[in-house]
Amino acid sequence: MTRPNIVFVMSDDHAAHSISAYGSRVNTTPHLDRLADEGSRLDAVYCTNSICTPSRASILTGTYSHINRAPSIYSEFDYRVPTFPQVLQEEGYQTALYGKWHLGRSEKARPRGFDDWRIYPDQGAYVDPVMIGPDGEEQLTGYATDIVTQQSLDFLERRDPERPFCLLVHHKAPHRPWVPHPRYDHLYEAGTIPEPETMWDDHSSRAEVVRQVRMQLDDLRESDVKEPVPEELRGEAEARERASWKYQRYMRDYLRCVQAVDDSVGEILGRLEADGIDENTIVIYTSDQGFFLGDHGWFDKRLMLDESLTMPMLIRWPAQIVAGSRVSDMITNVDFAATLLEMCGANPSALPEQQGRSFLPQLRGETNPGWRQSVYYRYWEHDDPEHHAPAHYGVRTPTHKYIHYYNDGLGTPGSSDRVMPVEDELYDLAVDPHELINVAADPAYAGVLEEMTALTAQLQEEYGDAPYQGPNTPRLEWPT
């Protein structure tokens, strides 16, 4: 069979529960829904470190953060660890990347394995962004999502039709500060957006370090909501009403940013059809992690609760994937590289350090023997100056989730030295799917807690990630 093309579209901070194919109550995404209708919707995809740089490094390399040396947003990706685009380029694929990179600014950290690339320095701007490419830096005119879409369409226009291609379309949206294009000003007006069921979670049973995070809706700044808080909502007694007011404006702009990404997917699908290559082109949509959309009263990500942990993933490949199919097996972003390589007929072992496993059999509707029943997660940053999220690791199974807040940055750049208590959380997902009740201290769950603690240690050994053992725990070495 002719080797397939790949279009890998990744947005930033796009929660699965703001995609209508995943049952969104707050918006509609017709082009993303088309991927689900004509391909596969994956329902249990999890990031292994819920923050931009680490997730992107894991996706490219198929490795956990301690292998690719990018555990935090302050990290620079270890250029010595090979990536799946490098392998595909060596296999004869045309390769290109446009949009967000966020894996370091030094020359060594620039994209490798791409015939063409244009990236934002750091996070990038929504309007008139600066972009860096092989020929240097330039400021472009327009809206970031539209610019990246056009760059991708231009690549498709000038590609060699005799060779397969791998195109990475990496949107900035819907990352903070949520600046939508004016053409979406009529959508999702403030005051019309449903509040999530868990928005008024009182966090009473959660770990103390989690109760201290600065990701409450009321922590949103004026630059986030785009207008000053009305005078009548500024008192302490109005905290709940003020949080609702901020939620409406935050979500209005977030969802409008999502709409441009959805339109981008539609444009790319249209071009593939017009060129007659849609049948054997794999189109993937995902995000680098999930996001809290007022869930539990929060915005942002980082924590191991499902809204932050879960990544959307929609895959359309008419030549191989049955339309409307669903995959429920537990998958992580560390598995992406192995899967993409196998899809293209390359051997996943071409990435010698990769730790993932291909889920191509599941996409074909087959059983994948011995597939995992648990996911290991580690958030390395600790007590960053703005969000104050604690360092933690843990395990999710289909029925339970264990989180250990060890609270030390282990030398991760940007980490605080503030002393915080070591605590555990345990959730019974079968009876508490919204993760509202921490049962770690409940005697009835002592056996489960012991099993989950042992499972965490087992997975740490399997992946080669040393558990935290106090201030003298060996620290990561950074590439030079």
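How many helices and strands does the protein have?

1. The protein has twelve helices and 18 strands, and it should be kept in mind throughout that the coordinates come from a predicted model.

2. On overall dimensions, the C-alpha trace spans about 65 × 55 × 45 Å along its principal axes. A compact globule of 480 residues would have a radius of gyration near 23 Å, and the 22 Å found for the protein therefore agrees with that expectation.

3. Buried residues account for 62% of the 480 residues in the protein. When contacts between residues at least 6 apart in sequence are considered, 70% of them join residues at least 24 apart.

4. Turning to one of the helix pairs, α5 (residues 144–158) packs with α8 (residues 239–274) at an angle of about 10 degrees, the axes lying 10 Å apart. Because angles under 35 degrees count as roughly parallel, α5 and α8 are described as roughly parallel to each other. From α5 the contact draws on Thr145, Thr149, Leu153, Leu156 and Glu157, while α8 contributes Ala260, Val261, Ser264, Glu267, Ile268, Arg271 and Leu272.

5. An open sheet of four strands runs in the order β15-β16-β17-β18, with antiparallel pairing. Its edge strands, β15 (375–379) and β18 (423–428), each pair on one side only, and the twist from one strand to the next averages 10 degrees.

6. Within that sheet, β17 (residues 400–405) pairs with β18 in the antiparallel sense over six bridges, and tyrosine 402 stands opposite leucine 426 in β18.

Definitions and conventions:
Residues numbered from 1 in each chain as written. Predicted model: local features only at pLDDT ≥ 70, side-chain atom pairs only at ≥ 80, totals over all residues. Heavy atoms only, no water. Pairing = 2+ DSSP bridges. Helix = DSSP H or I, 4+ residues; strand = E, 2+ residues; numbered from the N terminus. Axes fitted to C-alpha atoms, helices over the stretch in contact; angles between N-to-C directions. Parallel < 35°, antiparallel > 145°, perpendicular 65-115°, else oblique. Contact = heavy atoms within 4.5 Å. Rg over C-alpha atoms; globule rule 2.2 N^0.38 Å. Buried < 20%, exposed > 50% of the residue type's maximum accessible area, 1.4 Å probe, protein only.
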